[in-house]
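Please read them beside the sequence and the coordinates.

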Amino acid sequence: MTDTPGPDPAPGPAPTPAPPIPILPYSRVVGQDDLKLVLELNFVAPSIGGVLVTGQRGTAKSTAVRAFALMTHGELPVTLPINATDDRVLGGWELDALMRGEAREQSGLLEEAHEKGLLYVDEVNLLDDHLVNIILDVVSTGVLSVQREGIAAARHLSFGLVGTMNPEEGGLRPQLLDRFGLMVTPAELDTEARHRMIMTVLTFEEELARSGSPWLAEAEQESAAIRATLLAARSALPGVEVPEAVGRLCAECAGRLSAVGHRGELVTAQAARALAALEGAVRTEPRHVRRVLPFALRHRRPESTHAGSFEWGPDDDARVDDLFG
């Protein structure tokens, strides 16, 4: 006697859509134009080598970075915990498999960042220096070489890097500071911007609970337009000219500001070129250099590398003013 198939089970209730990730949309982040610009420049020109955001707590560092990752890659960035081990960062053997007598490799966070597009290191100044150095090496060379505990492998990886730090909690060694392409300090908001920030966040919290929110839909459309502009700029970047005069200008600015090493003038040129691409220009101009100069050189001046002072003020501008006419 055979079993007769019964009727198909009745379909269950439709799955509930996942709630929106509660991160303020990138297009609605208030008053952080410099912070947003450096994130965008690093996306357009990955050879810049990463962004370091330094500022006190509560200055929207993490919000801006996570919102940027959601906009550009559709998901939150891979976040490196302060207490991360070498195995967690570089990859190693699966512990559960080893307990069963099996040798099975486990990917690390750097490979995960390659898949997702962005690695976020919060409080990078509290991470072990040797791990920071490895991460910066991978960003610079595009290669992760692992030679440890029976694993010998080299993998080609590519991802954006953003580190944040509160200078009140300690600094980074000058050698590591220099390896970050650009540095930015979040803006201190005036009363009007603080008011707009408050109302924007309150509105966002209300709209999260509202099904089919027009406010959220509009913010998503704005972010999608920004993403399209960034992708177009990245594609156009190789065709943007950097004239000899602009290259010399970058070198002269680095000399006037006594930049330590020579990475600063190269990053200045790369960032200026990325800015030109963002604007849809085909030629890098002095004004592009002037806009990106503080981001490329503020952490490479002697007073920054030795005293940990990252402020960029009128004295710094005065050293280079005559170069820009």
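The points that follow take up the pockets, the cavity, the sheet, the cysteines and one histidine.

1. Basis of the comments. This is a predicted model, in which local features need pLDDT of at least 70 and side-chain atom pairs count only at pLDDT 80 or more, while totals for chains, interfaces and linings use all residues. Residues are numbered from 1 along each chain as its sequence is written, and side-chain values use heavy atoms, with hydrogens and water left out.

2. The largest pocket. A pocket here is an open set of points on a 1 Å grid over the protein atoms alone, where a 1.4 Å probe fits, with protein on both sides within 12 Å along at least five of seven lines, and lining residues have an atom within 4 Å of a point. The largest pocket holds about 1100 Å³ of space, a volume being the space filled by probe spheres set on the points, which are joined across faces, edges and corners. It is lined by 44 residues, of which Q56, G58, T59, A60 and P186 are the closest to its centre. Two or more lining residues come from each of α2 (61-73), β8 (160-165), α8 (191-208) and α12 (286-297), helices (H or I, at least four residues) and strands (E, at least two) being DSSP runs numbered from the N terminus. The largest share, six residues, belongs to α8.

3. The second largest pocket. About 380 Å³ of space lies in this pocket, and among its 17 lining residues I21, I23, P25, L70 and E220 are the closest to the centre. The elements α2, α8 and α9 (214-236) each give two or more residues to the lining, with α9 giving the most, five residues. By class the lining divides into 13 nonpolar, two polar and two charged residues, where Ala, Val, Leu, Ile, Met, Phe, Trp, Tyr, Cys and Pro count as nonpolar, Asp, Glu, Lys and Arg as charged, and the others, Gly among them, as polar. For the largest pocket, the division is 18 nonpolar, 13 polar and 13 charged.

4. The cavity. A cavity is a set of grid points where the probe fits but cannot get out, and the count comes to one cavity of 30 Å³ or more. The largest cavity has a volume of about 40 Å³ and is lined by V121, V124, V132, I135, L136, L161 and F180. Helix α6 (residues 129-141) gives the most to this lining, with three residues.

5. The sheet. Five strands form an open sheet with parallel pairing, in the order β2-β5-β8-β1-β9, two strands being paired if DSSP finds at least two bridges between them. Because β2 (78-79) and β9 (182-184) each have a single partner strand, they stand at the edges with one side left without a neighbour in the sheet. Strand β1 (residues 51-54) pairs with β9 over three bridges, and V51 has L182 of β9 as its bridge partner.

6. Cysteines. The structure holds zero disulfides.

7. H299. This residue, H299, sits in the loop between α12 and α13 (302-307). With a relative accessible area of 0%, H299 is buried, a word that means under 20% relative accessible area (1.4 Å probe, protein chains only).

Methods. A disulfide is a pair of cysteine sulfur atoms within 2.5 Å. Buried means under 20% relative accessible area, exposed over 50%, partly exposed in between (1.4 Å probe, protein chains only).
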